[in-house]
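Morning, everyone. Please have a look at the model on the screen. I will take it piece by piece.

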Amino acid sequence: MDSSDRTTSDFAGGPPPNFRTNEGSLVSALKTLLFFTILMITLPIGLYFASKAYIFESSMKMSSSDSYFYAAIVAVLAVHVVLALFVYVAWNEGTPKGKGKHD
């Protein structure tokens, strides 16, 4: 019996790996990723057009070229906020939520 036969027989005799133990955490991580992906797409675009039309052009009576510039700044700030929230949620997602002080 050579070494390749021995390694395949060792793996065949053991129990199958249990992939369902982390399925809940995987689904939770994918839901979080999907939520922040949708938020990353919709929030900056929505804030860009809303701030351009309603805040800068209507309320502040800015010209069209000035409102483009300031609306883009609002959209970039929204991207940074969403990224910071994603990092915060992803960092704290796997930590246990205990109420007491742990020594």
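Which residues does Tyr48 touch, not counting residues up to four places away in sequence? The answer is Tyr68, Ala71, Ala72 and Ala75. Touching here is contact, meaning heavy atoms within 4.5 Å.

A word on ground rules. This is a predicted model, where local features need pLDDT of at least 70, side-chain atom pairs count only at pLDDT 80 or more, and totals for chains, interfaces and linings use all residues. Residues are numbered from 1 along each chain as its sequence is written, and side-chain values use heavy atoms, with hydrogens and water left out.

Now the overall picture. The chain has 3 helices and 0 strands. From the N terminus, the order is α-α-α. Helices (H or I, at least four residues) and strands (E, at least two) are DSSP runs, numbered from the N terminus. The chain has 103 residues, and 12% of them count as buried. Buried means under 20% relative accessible area, exposed means over 50%, and partly exposed is in between, with a 1.4 Å probe and protein chains only. Take the contacts between residues at least 6 apart in sequence: 56% of them join residues at least 24 apart.

Next, the helix pair. Two packed helices are described by the angle between their axes and the distance between the axes. Helix H2 covers residues 23–59, and helix H3 covers residues 64–92. Their axes come within 8 Å and cross at roughly 155°. That makes H2 roughly antiparallel to H3. The axes are lines fitted to C-alpha atoms, for helices over the stretch in contact, and angles run from 0 to 180 degrees between N-to-C directions. Angles under 35 degrees count as roughly parallel, over 145 as roughly antiparallel, 65 to 115 as roughly perpendicular, and the rest as oblique.

What lines this contact of H2 with H3? Its residues divide into 22 nonpolar, 4 polar and 2 charged. Nonpolar covers Ala, Val, Leu, Ile, Met, Phe, Trp, Tyr, Cys and Pro; charged covers Asp, Glu, Lys and Arg; the others, Gly among them, are polar.

Back to Tyr48. Tyr48 sits in helix H2. Tyr48 is buried, at a relative accessible area of 19%. Its C-alpha atom is 5.3 Å from that of Ala75, 27 residues apart along the chain.

Now Lys52, also in H2. Is Lys52 buried or exposed? Lys52 is buried, at 11% relative accessible area. Leaving aside neighbours within four places in sequence, Lys52 contacts Leu47, Glu57, Ser64, Ser67, Tyr68 and Ala71. The side chains of Lys52 and Glu57 make a polar contact of 2.5 Å. A polar contact is a pair of N or O atoms within 3.5 Å; within protein, one must be able to donate a hydrogen and the other to accept it, and residues adjacent in sequence count only if both atoms are side-chain atoms.

On to Thr32, in helix H2. Thr32 is buried, with a relative accessible area of 16%. A polar atom of its side chain lies 2.9 Å from the backbone oxygen of Ser28. Beyond four places in sequence, Thr32 is in contact with Val89 and Glu93.

Last stop: the loop between H2 and H3, where we find Lys61. Lys61 is exposed, with a relative accessible area of 66%. Most residues other than glycine have a negative phi. Phi of Lys61 is near 55°, a positive value. That is my tour.
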